[in-house]
Amino acid sequence: MKMKKKMIFAYSSSIAILLISIWLGVSIGSADVPFSTLWDSETNPSAYSILWSIRMPRVVLAGLVGASLAIAGAAFQGLLKNPLADPYTLGISSGASVGAVATIFFGLSIPVIGSYTLPLFGMVGAFITMILVLSFARLIDRSMKMETLILTGVIFSSFLGSCISLMIALTGQQLREITSWLLGSVSMRGWPYVQMIAPFVVIGVILLWLNRRELNAMMYGDERAQSLGVNVKRRKYAILAGGSMLTGAAVAVSGTIGFVGLVVPHMTRMLWGTDHRHLLTLAFLNGASLLIVCDLVSRTIIAPSELPIGVITAFIGAPVFSYIFFKQRRSRG
Amino acid sequence: MLEVQNISGGYGSTPILSDISFRAEKGKMVGILGPNGCGKSTLLKVISGIMSPTFGTISIEGMNINKYSARELAKKMTILPQLHATAFSSTVHDAVSIGRYPHQSGFFSSWGAEDERAVKKAMQLTDVEKYEHHYLEYLSGGEQQRVFIAQALAQASSLLLLDEPTNHLDIAHQKQILDMIRKEVTENQLTVVSVFHDINLAALYCDEILLMEKGKVKAYGAPHEVILEEQIKNVYETRISIQAHPEQPKPQMTILPDLQEEMEEKVITSNHFEIKGEYVELKSDFPLKVLSSAVHNAGMGWYANFINRTVKPDYEIHNVKEEYFEYLVKEGFSPTNTVGMMTAVDTKKAVIKNYKVPFGEVFVVVTAGVGNAVDVSQSYKRNNYFHVGTINTWIIINGKLSDEAFVQAMMTATEAKSKALQHEEVYDAISNTIATGTPTDSLLIAATQNGMLMQYGGPITEVGQVIGKGVFEATVEAIQNYRKGDK
């Protein structure tokens, strides 16, 4: 019963924090607008328009990106049995970055979709990288042990990273655009970006959630999981595919935002435990909250300028994490 | 239940297992033994389906394991591998709960009452229930091992494969876990196949042993058929000696080390003996192997000190063990290194005789009090017991006696004692026939285990002859001393 109550508290507090974050994110900005304006188009039409076409999509995008990175991070940490793993470990993010940066570097633009070429190529880059990484890992090691996956990820992210560095070195005017994209941002994206990421979020989350019990079993080793009745190979593919989809989409639409995918799972694990049946959902909720709040800070702290969101995530996240870390270690020891 | 047929296989191209076959019946425990690297763990991996063999089949309840789905197989068979470290910590309860995975099917399947019951029971059986909400990383290696055993038990399958389950456990927990597993085997028809490093534990708890050597089956059968001195010596290249377990009809082995002893001779001479006021003593610088029926430290053992203590006729017999222990300590003897006898006869009447024989020197020490001699063939008619009067005999041999020889030496000595009583016309006062001994006679055979090996100790062997003569002569003299004092 103690566990049940703890979990109820976990879910309710996470949901509450998320709702509060959404409220703050929507209301506060260069012009503070009351939350009620969301459903009140008459009183203040321009405010209504700001809320719905600028702030709301921004908050939703921040939420989806944060959530995706956090749940993918939790899944990869569980799958690779490595606390240092994050959504970027397997190199998918590097693939997405190459696609996006190349678009800027070569000035690519597809006629009909125009400015959406960048996130599209980001997703294509992520997808190709995912196929390459999984095929390569499988070629080396049929059972795809975690060391194989991690090392393959290192190979690909290093290589792709150097491609990005190359483009940065060779670029002239696009340097600022490239680096600011790399630092990550959810500003001035709008609803189309939300529509782009949404399907991947849905599929990715479903894939991961369906394997929540298997992630628990696999914590004890592939062999033990096999002997528990887990079809380890198939489940690994599913988790890798789901996590990569979430990561690729998130990076394609918002750049490489760091810290969230690594630390939110750890914070959630410390507070509420390692059981993936709850960890995945809670990481999802808390990742969303964290990024929404960070985005809020990034656009208000030196308003009207904006700080890159990647800077803020670690800035706020690190102290929060250390507080939780400290409290947990003290109580357990 | 489990049938292993002609299994051959290994890692990649290197063959490790070669034509292994055996079966484990329902409700039986099979132990797998063998030296390091003989393929025990590999065999277990093949049986569990984790590794595929290059040839042969594994069947559970008549069906090849390949035909089972992963989940069905998990419900039938559990494997507990050697200890792993996990990257993230969970509580004991969560770790044990993982064992219920195969029982949770369906899209939304939730945790049921049956699952919780299985987890609780598993934790109770392995004595980790008190750690239910503790984190695994804070438990000791042995406690963690028990948690993983609980996880395997929670899986509630009918076949359990274990790889050295008691490795990190102290003897209390080794016993507890194996007792518990054994109970599940006999009471709930659990079938167990376990790899053991400890030959004695395997012999004690298993119904059958599979002895492996270099990937092949060397022997397969009941423990007493497989655990043989020569066989173990060949397979493990180690000398061992087999003894009977004190309570269970199972063989137990001890290692015979090749220790280089000091070159100095280990010999007992008459200098080692002394007759003191209250006791006769033999004090050796090195332990002798002893078989005796003494008051203190009877049975078989290694001891360096021997005393035959004289007590008054009104000695209080009720607390004899504790009193004797305290007496030894008081007199400066180490109670664990001393064999102690008791008599009412004065130490001045003790007889010490020595006999020089080709293989060494033999000593016989006797005190004889024949006040209440008994004819053993008529003693069933008696219903009262006296405490006065005892014939205590020591035989100290400079030589090496086999187990057989020890027993036969006792037989020979007892026959000689009875002959002495006949010679001295000692009568059983109640039946009026010649007595054969007294109700509380005690005999001690001690050997230096150095020197010539004597396989037998019967009346016509070298050692038997000197025992027969020595005990007869010494007992006759001791009886005469006793009677002299009475007059």
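Domain bounds, as used below, come from an automatic or database domain assignment. The model is predicted, so that local features need pLDDT of at least 70 and side-chain atom pairs pLDDT 80 or more, while totals for chains, interfaces and linings use all residues. Residues are numbered from 1 along each chain as its sequence is written, chains are lettered from A in the order in which they are written, and side-chain values use heavy atoms, without hydrogens and water.

**Exercise 1.** State which domains chain B is assigned and how far apart their C-alpha centres lie.

*Solution.* The assignment for chain B gives domain 1 as residues 2-255 and domain 2 as residues 270-486. Taking the C-alpha centres of these two domains of chain B, one finds them 51 Å apart.

**Exercise 2.** Describe how chain B and chain A meet, beginning with the residues in contact and ending with the salt bridge.

*Solution.* Begin with contact, meaning heavy atoms within 4.5 Å: 34 residues of chain B touch 29 residues of chain A. Next comes buried area, the accessible area (1.4 Å probe) that two parts lose on being put together, summed over both; for chain B and chain A this is about 2,800 Å², with 58% of it on carbon and sulfur atoms. Finally, apply the salt-bridge rule, which asks for a side-chain nitrogen of Lys or Arg within 4 Å of a carboxyl oxygen of Asp or Glu. Across this interface the rule finds one salt bridge, and B:Lys45 forms a salt bridge with A:Glu223, where the closest N and O atoms are 3.8 Å apart.
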